[in-house]
Amino acid sequence: MNRHVTPQNIGAAIAALEARFPSSVSTGKSARRLHAGDESHHEPSEPDIVVHPKSTAEVVDVVKIAARNRVPVTPFGAGSGLEGGAIPHRGGISLDTSELSEIFEIRPDDMIARVGAGVRRLDLNQALRDTGLFFPVDPGANASIGGMVSTGASGTNAVRFGVMRENVLGLTVVTAEGKVVKTGSLARKSSSGYDLTRLFVGSEGTLGVVTEVTLRLHPIPDAVSAHAGFETLAGAVNAVTDIKRAGLQIGRVELLDAPLVDVINRRGDMRLEHLPTLFFEFHGAPAEIASLSGTIADIVSENGGRSLEWPANAEESRVLWETRRDCLAWAKAEREGAHSWPTDVCVPISRLAEVVLETREDVARSGIPAYIVGHVGDGNFHCVFMLRPEEEAEVARLSDRIVERALAAGGTASGEHGVGLGKRKFQQQEHGAEAIALMRSLKAALDPHGILNPGKVLPDT
Ligand SMILES: Cc1cc2nc3c(=O)[nH]c(=O)nc-3n(C[C@H](O)[C@H](O)[C@H](O)COP(=O)(O)OP(=O)(O)OC[C@H]3O[C@@H](n4cnc5c(N)ncnc54)[C@H](O)[C@@H]3O)c2cc1C
């Protein structure tokens, strides 16, 4: 562990926080343990104190106390991150955003919502249920909107509705000096000024603390689901490219490899052929999709696919997407003593089949159980290892090779989970020395004392 806080500094910060927030701070063991880790494989590290501010003004006070005492502040959303971003790796303050939970305004006519950073995505969609609108970005976990902004999250719907970057219109951010900056506007597009909104999206709490978010909403689409098994993984991936080229509106398309299909057959309610499989959702009026189903079936068949299976009703569609959501947890449960280690690369779609196949072969040689799922329409896939502690070193090597392969193909070390602790070592290779130097200048300008989530995103100097 790499703690940089002196006992004097942290003692003064704790005293000031306890005086300012008598009922919203905790130095107790259980609160500190709860904020020591996220859902990643990275080693937990406890903060010295946990604070639950209730407003932007309270966040300002927390950050000012941290700045005065040169103590790190690590924002904590729902703690569902998969790269260790919310781990207070250098101690200090864990700033829990869960009480920034107000939905300030829903403007159905503008298709916009303005929410506190601590609002959970499922709660927002519940609040939207009578408007015919929804917020589409859907990481598998019930993440906070502030956390999703900060990791640049996406999920199964991204191929149709875009990722957080496309769906955030504006932010309220508290800077490292405790200033309140508002970015963006209520307009759906803008070419006015530097794009500060997108500077903060994906910055993982290293440039500012997000307290409010203005989001773009979308009409809930008419959707029809389907699935098909394929003789080869490459065929499954190529079918997606061909369907996109044919101009069909794919709402979601998810790849599951054959070992994961086996898990589903053992644990779930669906019965699938032992083949790499695609789960689809098409958007459009049912008549439109029905008239195109022949084209879709032809494309699937030309790529070595079996006949498309269309769920008979809404309940079967629900089961299909719940299966996608739950199958990795089932896979983990099948190996006693195992924990998961997800990887998250994204490559140009034309290179996806080759990168997935090489990964599959490399991983198979190790004998460690691993499953491939992918948001294939975007070129993003996860190889998720279910490993036992003694296999960590080997999985670290395999995971590094997946990133190297993706970078060699012109891709990125992280499609959606962020850099956190795990992908820092690839930043220079991915972005180049000049881009990293520019990122360091931005960090130094916005956070001169390095108090905001130190030790994340940027590689060590
Ligand atoms: C089962 C499962 C499935 C998942 N599937 C996906 C997926 O499909 N796509 C995907 O993108 N992710 C996925 N994730 C990862 C995770 O849900 C996302 O990264 C999510 O965006 C994290 O949100 P959070 O609120 O949990 O943030 P946290 O984990 O609490 O924090 C994440 C990062 O954001 C920072 N942060 C949090 N709140 C703020 C704030 N208000 N201001 C500034 N910085 C802040 C933290 O410091 C940290 O660096 C999955 C996770 C799980 C457990």
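How many bridges join strand β6 to β10, and in which sense do the two strands run? In this predicted model, in which local features need pLDDT of at least 70 and side-chain atom pairs count only at pLDDT 80 or more, totals for chains, interfaces and linings use all residues. Residues are numbered from 1 along each chain as its sequence is written, and side-chain values use heavy atoms, with hydrogens and water left out.

Strand β6 (residues 112-116) is joined to β10 by 5 bridges, and the two run antiparallel, where strands are DSSP runs of E of at least two residues, helices are runs of H or I of at least four residues, and both are numbered from the N terminus; two strands are taken to pair if DSSP finds at least two bridges between them. Within this pairing, I112 has R216 of β10 as its bridge partner. Strand β8 (residues 168-174) also pairs with β10 in the antiparallel sense, over 6 bridges, and here V168 is partnered by L215. Because 8 of the 8 residues of β10 (residues 209-216) are buried, this strand is largely enclosed by the rest of the structure, buried meaning under 20% relative accessible area, exposed over 50% and partly exposed in between (1.4 Å probe, protein chains only).

An open sheet of 4 strands shows the order β1-β2-β4-β3 with mixed pairing. Since β1 (25-26) and β3 (73-76) stand at the edges with a single partner strand each, one side of each is left without a neighbour in the sheet. The pairing of β3 with β4 (residues 93-96) is parallel and comprises 4 bridges, with V73 facing I93 of β4 as bridge partner. Helix α3 (residues 56-69) packs on the sheet, touching β2, β3 and β4, and its direction makes about 170° with that of β4; contact means heavy atoms within 4.5 Å, and angles, from 0 to 180 degrees, are taken between N-to-C directions of axes fitted to C-alpha atoms, for helices over the stretch in contact.

The structure holds 32 salt bridges, each defined as a side-chain nitrogen of Lys or Arg within 4 Å of a carboxyl oxygen of Asp or Glu. One of these connects E391 with R335, the closest N and O atoms being 2.8 Å apart, and both residues are buried. Another is formed by R424 and D460, at 2.6 Å between the closest N and O atoms; because R424 lies in the loop between α14 and α15 (427-431) and D460 in the segment after α16 (433-446), the pair ties together parts that are 36 residues apart in sequence. R424 is buried, with a relative accessible area of 12%, whereas D460, at 54%, counts as exposed.
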